[in-house]
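Here is a friendly briefing to read alongside the sequence and the model. Please have both open as you go through the points.

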Amino acid sequence: MKKMETLLLLILTIYFGAACNKKESGQVKISVHATGLKNLKVQAFTSDMLSMEPVVISESVLDSSGNAVLEFKSDHPVLGFVKIGDLEASAFSAPGDEFKIILDSLQKPEGIRYEGDEADVNDYIVKCWAVRLRLDKVNDKYYFQLEQDEFLTVKDSLQANYERLYTLLKEKTTLDPELDKVLEIQQKMNITYFVHNYVRSKYGSQNEIPESIKSIIDKVPDDSLALKYKMSAYSLVVNAFLESRIYTPLFREYKDLSPDSINGMMPALAVEKIEKSDYPEFLKEFLFAKNLNNYLIFNGITPEVNSIYLKFKKTYKDEDYLSALKKSYDKWLAIGPGKPAPDFSADTPDGKKISLSDLKGKVVYMDVWATWCGPCKTELPFSRKIQKDFEGNDQVTFLYVSIDESIPDWHNMLKKDKDFVGIHVNQQQHQQPGAIWESYLMTGIPRYVLIDADGKIVQSNASRPSSGKVTGEIKMLLNQKTLVSK
């Protein structure tokens, strides 16, 4: 009997010792089984808290039986995801966890099951998301089309469902106190972002937001745990707060300035507002980094953006933020002043191919637009005026790149507007190699690019025609070219 007790003790010691080593090593193992599927890429990823882009931490491929294994090290719990094909599944994990994700369907969250560590937590997260999807449409209306009272009823229903699922989770398992707090925060962030989306769609940037709704989104959440766990919902809420409570009031305050002027000033004005706030330091840092990354993505490396980038690097030391900002910064450096303009090909109205490189030797002012883009068309009269300033000058080319999916709409507009002269081409954006949307880091249209006669970028996010600056900037390039030729 004594030998049996000794053997049992030895087995338990080995088992618990291995478990402790596993936890201490931080190794996480996620097995995936997708019924009836094979050869699909499988990725485990977290979210970049600044850009919200996925950060892949492990990847594999489903074998012929629909199985794959993802392994990675982690020194703290993470609210991550696993992507199989086009479906994303919750993959919350803590250091040392080992669990299985079983997919019976790639079409709906209900087709996902979990076994092993964190199974109950991940199942709860998936069910919360399924509830949220079900409330996207109510009585044949999307939630953001509802009137205020109807929307608040839907919001209350969403919250009640979250709370019911949370109660069931706590009945099934004992949560670590910190995780308990994190899941409460996530529930709150999901509701808050739901309201932000409604406000953005229903009220835009107007002031007339009812107090019952405004009170939900008026205060910036200051939960450092959400950052620690890389909670994507928190990042979305903070970005929505930046837009609604910092950018929008500033745009109103400086409404008499031109769009180019206010856009140039906005990054620094937002930083000033953030620094004067009474937010906790960790939140000031996050808001500063978010604001900077937003303008790096949308405006590129302008003098104003560069100035606050240098200020951030001098003031703050968070490695994740610095790495994400450097990534955004370096992308724009690749198409910065003096760099070769990325070449691309597109179709003329009569079906011929033309490349940007075919225009080398001329100064090119490139206008990326579409027939459905109101702001693009608003700029066209100003563009015509600039063209008249260079009438008869064969050293300047105005290149209009349409991204219309509907070629007939593009053709019809060109036929109706005989004064819309210049070189016209169309390039549909399907993430194909050489797509200007990718190579010029576009986030929206209209977009303007100024290229010199050597085919090098002068401004990758150039002044718009209505700014009053374009004629002078082109003349300066022509003068420089004349001086060089002499």
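The model is predicted, so local features need pLDDT of at least 70 and side-chain atom pairs count only at pLDDT 80 or more, while totals for chains, interfaces and linings use all residues. Residues are numbered from 1 along each chain as its sequence is written, and side-chain values use heavy atoms, with hydrogens and water left out.

**A few terms before the details**

- Helices (H or I, at least four residues) and strands (E, at least two) are DSSP runs, numbered from the N terminus.
- Two strands pair if DSSP finds at least two bridges between them, and contact means heavy atoms within 4.5 Å.
- Buried stands for under 20% relative accessible area, exposed for over 50%, and partly exposed for what lies in between (1.4 Å probe, protein chains only).
- Axes are lines fitted to C-alpha atoms, for helices over the stretch in contact, and angles run from 0 to 180 degrees between N-to-C directions.

**The chain as a whole**

- The protein chain holds 15 helices and 17 strands.
- Its C-alpha trace spans about 105 × 55 × 50 Å along the principal axes.
- Of the 486 residues in the protein chain, 47% are buried.
- Taking contacts between residues at least 6 apart in sequence, 65% join residues at least 24 apart.

**The sheet that contains β5**

- Four strands make an open sheet in the order β3-β2-β5-β6, and the pairing is antiparallel.
- β3 (54-61) and β6 stand at the edges with a single partner strand each, so one side of each has no neighbour in the sheet.
- Neighbouring strands of this sheet are turned by 25° against each other on average, direction ignored.
- Strand β2 (residues 41-47) pairs with β5 over four bridges in the antiparallel sense; here Ala 44 has Val 82 of β5 as its bridge partner.
- On the β6 side, β5 and strand β6 (residues 87-93) pair in the antiparallel sense over seven bridges, with Val 82 opposite Ala 89 in β6.
- β5 and β6 form a hairpin with two residues between them, and Gly 85 in the turn has a positive phi of about 65°.
- Strand β5 (residues 78-84) is mostly covered, with five of its seven residues buried.

**The sheet that contains β1**

- Another open sheet has four strands in the order β4-β1-β7-β8, with mixed pairing.
- Its edges are β4 (67-73) and β8 (112-116), each with a single partner strand, so one side of each is left without a neighbour in the sheet.
- On average, neighbouring strands of this sheet are turned by 20° against each other, direction ignored.
- Strand β1 (residues 27-34) and β4 pair over seven bridges in the antiparallel sense, and Val 28 stands opposite Phe 72 in β4.

**Helix α2**

- Helix α2 (residues 119-134) lies across β7 (98-103) and β8, running at about 165° to β8.
- α2 has 16 residues and reaches 23 Å from its first C-alpha to its last, close to the 22 Å expected at 1.5 Å a residue; the expected span is 1.5 Å times one less than the number of residues.
- Its buried residues include Ala 119, Tyr 124, Ile 125 and Val 131, and Cys 128 is buried too, with a relative accessible area of 7%.
- The buried residues of α2 pack against β5, β6, β7, β8, α3 (148-172) and α4 (177-203).

**Helices α8 and α9**

- Helix α8 (residues 259-276) and helix α9 (residues 281-299) pack at an angle of about 175°, with their axes 9 Å apart.
- That makes α8 roughly antiparallel to α9 (angles under 35 degrees count as roughly parallel, over 145 as roughly antiparallel, 65 to 115 as roughly perpendicular and the rest as oblique).
- Residues that meet include Met 266, Pro 267 and Ile 274 in α8, and Leu 287, Phe 288 and Tyr 295 in α9.
- Asn 294 lies in helix α9 and is buried, with a relative accessible area of 8%.
- Not counting residues up to four places away in sequence, Asn 294 touches Asn 239, Leu 242 and Tyr 247.

**The disulfide**

- Cys 373 and Cys 376 form a disulfide with their sulfur atoms 2.2 Å apart, where a disulfide is a pair of cysteine sulfur atoms within 2.5 Å.
- The count by this rule is one disulfide.
- The torsion about the S-S bond of Cys 373 and Cys 376 is about 80°, so the disulfide is right-handed.
- Cys 373 and Cys 376 are both buried.
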